[in-house]
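This report describes the aromatic rings of one protein model and the charged groups placed over some of them.

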Amino acid sequence: MYVDSHCHLDFPDLAAREAEVLATMADNQVGAALCISVKLENFPRVLALAEAHPQLWASVGVHPDNQECEEPDVARLLELADHPKVIAIGETGLDYHWQADAPEWQRERFRVHIRAARACGKPLVVHTRSAADDTVRLMREEGAGEAGGVMHCFTESWEVASAALDLGFYISFSGIVTFRNAKELKEVAKKVPLDRLLIETDAPYLAPVPHRGKTNEPGWVVHVAEEIARLRDEPLARIAQTTTD
């Protein structure tokens, strides 16, 4: 069995093919997937998916790129997280790729999510892009290690991975690790302790080889596991079992 630790099944590309996407999951032995919230306005759709299907779970949070949306506070996140199918806070974090001015509002939003995760005891789903130093700094300042969580769609250096691991976080690899030019990332994937490694699709984005360029879906997380097994010279069954555990 495999687990897709990060996907967006409420996005239109996948929602329109819900039955087909779930069938592909089953065909490929993907027994669970975490549906990730990126806006509070869309959270009801994410939760509805998790409530409708036993193999799906939900997070609650606001993506760091989203500006024209409801701004979360700790109380609101705690209210929405108080549901048995909501198992994580996020996705949250920092993204200076699209927000090149490194805005303070983004850092404050990240702090709010960390505080909410600590308060409810649910793990964080952390997004970081072109902002690794500030991401790790805020995680340390806000005690993110008390909540734990996952560095999703990891593309940073081994030094950043080590800092996150030291805080008790997991490192999750997406289809990017299957790309031929992702040489540094492949080296990181070899070094992360196996019991701290997760796999994901970030569907509908970042389809792994051999589906690169297509609309990604949770059933294809198996290809991420296959590449991790190849890089580490481990049996695929061990990668599947450990990441599922």
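Is tyrosine 205 buried, partly exposed or exposed? Tyrosine 205 counts as partly exposed, because its relative accessibility is 43% (buried means under 20% relative accessible area, exposed over 50% and partly exposed in between, with a 1.4 Å probe and protein chains only). The model is predicted, so that local features need pLDDT of at least 70 and side-chain atom pairs count only at pLDDT 80 or more, while totals for chains, interfaces and linings use all residues. Residues are numbered from 1 along each chain as its sequence is written, and side-chain values use heavy atoms, with hydrogens and water left out.

The structure holds two aromatic pairs, a term for rings of Phe, Tyr and Trp (its six-membered ring) whose centres lie within 6.5 Å, with planes under 30 degrees apart counted as stacked, over 60 as edge-to-face and the rest as tilted.

| Pair | Centre to centre | Angle between planes | Class |
|---|---|---|---|
| Phenylalanine 11 and tyrosine 205 | 6.1 Å | 75° | edge-to-face |
| Phenylalanine 154 and phenylalanine 173 | 6.5 Å | 75° | edge-to-face |

Phenylalanine 11 lies in the loop between strand E1 (2-7) and helix H1 (12-15), and tyrosine 205 in the loop between strand E8 (197-199) and helix H9 (221-232), so their pair ties together parts that are 194 residues apart in sequence; helices (H or I, at least four residues) and strands (E, at least two) are DSSP runs, numbered from the N terminus. Phenylalanine 11 counts as buried, at 16% relative accessibility. Phenylalanine 154 and phenylalanine 173 are both buried.

Arginine 196 lies over the face of tyrosine 170, 5.8 Å from the ring centre, and the charged end of arginine 212 sits over the ring of phenylalanine 179, at 3.6 Å from its centre (NZ of Lys or CZ of Arg within 6 Å of the ring centre and within 35 degrees of the ring normal).
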